[in-house]
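Hi there,

Here is the structure I promised to pass on to you. Have a look at it first, and then read my notes below.

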Amino acid sequence: MKPLFFFGTLRHPALLQAVLGDVAHIELTPAILPGYAIKAAAEGPFPMILPIEDGEGAGLLAEGITDADLARLDYYESAFGYDLVDVTLQDGRAARTYMPQENLWTPQGPWSLDNWARDWGAISVIAAQEVMSYMGQKSPGEIATMFPMIRARAWSQVNAAQSRHSADMLHGRIDMAERTRKYARYFAVDELRLRHERFDGTMSEKMLRAVFIAADAALVLPYDPVRDRVLLIEQMRVGPLARGDTSLWHLEPIAGRLDPGEPAQAAARREAVEEAGVELGALHEVAECYCSPGNSTEFYYIYVGLADLPDDITGVGGLADEDEDIRSHLMDFDELMRLCDNQLIANAPLVLMAYWLARHRAGLRAAS
């Protein structure tokens, strides 16, 4: 079997291992592919390779690739529109490499493996592990459709490693006997068989649990301290629909999932513009918390954001390509608290934001 030439992210050892599993039998040596250049793709963060007459594309030659390795690589690469083609290296050796389909990506300046590994290595490895877990179950085309949420879930795992809550709680042992993905598309559902350490130091009996897998989200309540009013949004929600609720359109704060690599505050600002056309000033942290830790991975970064909220700022917004139909509302602080005090708001983060605002409102108004 001809060796393979890796020019991009598969040169990152952890990513190659995530795709192949076992890499001990593969020998990697530096190599040059003449007549090509490695560039950053504008649609990135990843590289692309393109023909350039006097180019010298630096990469690694992978020898010892087995049929099983090739099947895994084909599955991973074809999900992103890459095909295996024959090439000749600078030293005359024959090899094959995965080339992107013509005009698939747009070149945008140089690309650095070291910079990519620093900024995107961890999330890419986690995403690759999920992709490869579907081999034999989902087609490469399905993976391509799912990949934005696969990366969003991976970013949540990266963020989870930096959580600052519960430092003084028990950090006990977990024995995970089995974890099976029962459903995966936009969201995912896993079934777990596990034991955990008890407060008396013993281990629990083996138990069966299920968990809803979602991406991290940023939530923000725009507040105008001069006019003493907030902006809320209204949209139809499938949770109440599936529960059989009589009220399907709900008042909520602005919210949206974090894009891969995106800081939570940046996501809050972006969502405010997309959903309500609001530019936020200072963001005040309200909470970092799970929505329902007993059965969901969904994690919230919650803020109150200062904003200018004139009478004419309301309207209907949202992104058409996300099927959003969102109406915004202005509400005086006292009316917001009346709704909360009378249990007329069914959105827990919004109630949390309202009571945080009640505690800090005087200081925000005095500083405005």
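**What I found**

Thr9 counts as buried because its relative accessibility is 17%, where buried means under 20% relative accessible area, exposed over 50% and partly exposed in between (1.4 Å probe, protein chains only). You will find Thr9 in the loop between strand 1 (4-6) and helix 1; helices (H or I, at least four residues) and strands (E, at least two) are DSSP runs, numbered from the N terminus. Leaving aside neighbours within four places in sequence, Thr9 is in contact (heavy atoms within 4.5 Å) with Leu15, Pro47, Trp111 and Trp116.

Before going on, please note that this is a predicted model, where local features need pLDDT of at least 70 and side-chain atom pairs count only at pLDDT 80 or more, while totals for chains, interfaces and linings use all residues. Residues are numbered from 1 along each chain as its sequence is written, and side-chain values use heavy atoms, with hydrogens and water left out.

Now to helix 3. This helix covers residues 113-133, which is 21 residues, yet its end C-alpha atoms are only 25 Å apart, short of the 30 Å that a straight helix would reach at 1.5 Å a residue (the expected span is 1.5 Å times one less than the number of residues). Where is the kink in helix 3 centred? It is centred on Trp120, with a bend of about 70°, taken as the angle between axes fitted to the seven residues ending there and the seven starting there.

Buried residues of helix 3, including Leu113, Trp116 and Gly121, pack against helix 1 (13-20), helix 2 (67-78), helix 4 (140-160) and strand 6 (174-184). The axes of helix 1 and helix 3 come within 9 Å and cross at roughly 5°; they are lines fitted to C-alpha atoms, for helices over the stretch in contact, with angles from 0 to 180 degrees between N-to-C directions. That makes the two helices roughly parallel (under 35 degrees; over 145 is roughly antiparallel, 65 to 115 roughly perpendicular and the rest oblique). Ala14, Leu15, Ala18 and Val19 of helix 1 make the contact, with residues of helix 3 that include Trp116 and Ser124.

Finally, some backbone details. The peptide bond from Gly44 to Pro45 is cis, with omega near 20°. Ser166 is not a glycine but has a positive phi of about 60°, and it is partly exposed at 39% relative accessible area.

Enjoy exploring!
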